[in-house]
Amino acid sequence: MTDTARTARTGVPERPTLDGLEETWARHWQEEGTYAFDRSKERSDVYAIDTPPPTVSGELHMGHVFSYTHTDMVARFQRMRGRTVFYPMGWDDNGLPTERRVQNVYGVRCDPSLPYDPHWQPPATPVSEERRKDPTPVDRRNFVALCERLTAADEQVFEALWRRLGLSVDWSLTYTTIGRVARATSQRAFLRNLARGEAYQAEAPTLWDVGFATAVAQAELEDRERPGAYHRLRFTGPGGREVLIDTTRPELLPACVALVCHPDDERYADLVGHSVRSPVFAVEVPVHAHPVADPAKGTGIAMVCTFGDLTDVTWWRELQLDTRVVIGRDGRLLPEPPHGVPAEPYAALAGQTVNGARRTMVQLLADAGDLVGEPRAITHPVKFYERGDRPLEIVSTRQWYLRNGGRDAGLRDQLLARGGELRWVPEHMKHRYDHWVGGLTGDWLVSRQRFFGVPVPVWYRLDDVGEPDWSHPLTPDEAMLPVDPSSDPAPGFEESQRGLPGGFIGEPDVLDTWATSSLTPQIVGGWETDPDLFSRVFPMDLRPQGQEIIRTWLFSSVVRAHLEHGVLPWRDAVLSGWILDPDRKKMSKSKGNVVTPMALLEQHGSDAVRYWAANGKPGMDLAFDPAQIKVGRRLATKLLNASRFALGLGAADALRAPATAPLDTAMLAELSGVVAAATSAFDAYDHTAALQVTEAFFWRFCDDYIELVKERAYGSGPGAESARAALATALSVQLRLFAPVLPYVAEEVWSWWRYGSVHRATWPTTYEVGRAIEGPADPHLLRLAGDALGQVRRAKSERKLSMKAEVPLAEALGPAALLEQLTLIADDLRAAGRIAKLDLLPDRTPELVIAAAF
């Protein structure tokens, strides 16, 4: 039960306090390497955790504290079970939020067309609101340097908070998702995907965020209810037939390529196979039947535009329709009309924003007499990028994709089978994985039009007229990684040939942040760079994460490990619930209802905050409750004071001595059951149940057992020796049971009388507790004694007497068998209750009754 770094026992302080424990013990743990990973251990002795790297683009909030505390409790428990714990910490500094934060903090925007300026200096911060609205353009290299500068500062703040919270991380194992190791790992995996045909590029309809100017993957979508309006448009069918269409996107009329109805809709059956003429533009478009069309929606026949929504993409692909794109990457209508659309009416729309074009189009329809009735206001779901603030558009772009089963039934089935191999905690979360994988409609779009990210590691040859050969990308040798095609020349070329006919260009796009984060086990495990380490930690044991990123982080990690290694990346996945505000609403930065933790940690102490977090089970939501934090503070304080009292009775010198008195063996017998229950709960990732059973016993130990035996423990002889031995065993065991939840106070008390760290001590076992018991042990005796003492206390309270008041006579009534048990602990009851005489009156009442006479 000792640490390799042994420390002298400090002795029991006269006035123990929780204040200052975080600074003292965090520094000690770091200096002594208490949580260092021992890489000499075999894989069977390792417990490896794939820790979520928090996004360093703002502040940590109580939701982070909640979930990361859960992971830390697992790490501490497994370490005390004898495993060497691989517990790294990463920082997710790769992504759009970092770029947006740099833009806001420094008032700049990236312009990749600008040459690198080695003398450029960033502005002093904070910058004015005017500067944010009119940001200064800066070259890509300087912009990336600003991103690195800001995230480095954020990471220091995050690390300080995690250290204060008491995360038992090995801080020598930190990584960043934009660091050199992460870039090389991400690019290596991509190149291998490309070589196996799992990565490919295609010109295709792409969900596009106009504000961030980048493509968005299916996993990053969210629906938001937005006001809109149905506009009824008049198309003209054969023989002048009126065909009415309801649409919320009249500005896409020049992009119309077909009308679609349901195959069983008799209203339009005679139109299928024929053409109709669009209003204003008079373009002939075909009418098709398709089962996705909803006869009950609008007029029952829909306008197909390229592209208004994902259903349009489905119809366009499956019906092999023409393409008429009108919206550009900037969110404005293109300056020239698509093929087949007359230029004169389109000129009124060219260059306008979507909203402006919608107003103009409605007016054109009204002027032509083809707007039927007034627009009807509605509220409907609109697709947004989860971090964006403008509705998504669908534009046609060249992008990189990674096969994920969305278009491959065989791969889909394999990935569903992987989900079945994974241990899900809670189990019902697996349904979310199955639903997501089963509902995929396309492959994973992994390229992004950003600047601060892992570059797609390819180049393209330019032909004699300077046109790139997209179909034959140039790739680097893995030994060259990481590379940046925007600044590194292509293999076999000189930098002077960049952009020239016969030369090359670099791929300007970067990889989706999840394309790197999906490789966190490989990044921290030393894949291909440290084979010895990788063999000891991969596949890992645990992936803790939020339930909302099952479809992104968890699924993408499964995809990468399956494709590269043919295995799951970890054995267990534990999903966190959400933190709710007092109104039972999910806390989120976007809602402005988050609570930041540092002030709470400073006010109440880290153990108190961790206690609050431990009361939330995996997958279950937990309301933020300051009162619960205060309960945690009281518990930690009680642990200090009760330990001081027990050690003051001489318990420290009685460790490993046997307990022989009935009440002592009864207490230890009940404690043995607590150890079994807490151990089983931790094994099942149910830290809440482990805490509840431990805490319930602890209060009974303090309020009943200590009060019952303290008079005996003060004395001498076998009875006193038994009490002190029982106190020593109970204190040692309970400190270790509490250690995963309350690491600071447990370490503090441990240091008063034990060597080494409690966090390197062995987890208590029922065998250990049983070894301290000599003679009969009936756990019910402690509850019986507590019940009897409680009745005496209530009698004194009812008479407004001090608990120290003498009771001249007390009568114990109850079943004979129960009173016979009471005789075993009668001396302790008389001493604790200050009872001068205790009479036992059997079979007078069906239950135990203590009648006190004053």
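Start by colouring α1 (21-32), α17 (606-614) and α18 (626-648): each supplies at least two residues of the lining of the largest cavity. Helices here are DSSP runs (H or I, at least four residues), numbered from the N terminus. A cavity is a set of points on a 1 Å grid over the protein atoms alone where a 1.4 Å probe fits but cannot get out, and lining residues have an atom within 4 Å of a point.

Before you click on, know that this is a predicted model, where local features need pLDDT of at least 70 and side-chain atom pairs count only at pLDDT 80 or more, while totals for chains, interfaces and linings use all residues. Residues are numbered from 1 along each chain as its sequence is written, and side-chain values use heavy atoms, with hydrogens and water left out.

Now select Leu18, Leu21, Glu22, His604, Gly605, Ser606, Asp607, Ala608, Arg633, Ala636 and Tyr744, which line the largest cavity. Which helix gives the largest share of this lining? That's α17, with three residues.

Next stop: the second largest cavity, at about 40 Å³. Pick Ser186, Phe190, Asn193, Leu402, Val446, Leu511, Ala515 and Arg560 to see its lining. Helix α6 (residues 180-195) gives the most here, with three residues.

How many cavities of 30 Å³ or more are there? The count comes to four.

Terms used:
1 Å grid on protein atoms, 1.4 Å probe; cavity = no way out; pocket = protein on both sides within 12 Å on 5 of 7 lines; lining within 4 Å. Points joined across faces, edges and corners; volume = space filled by probe spheres on them.
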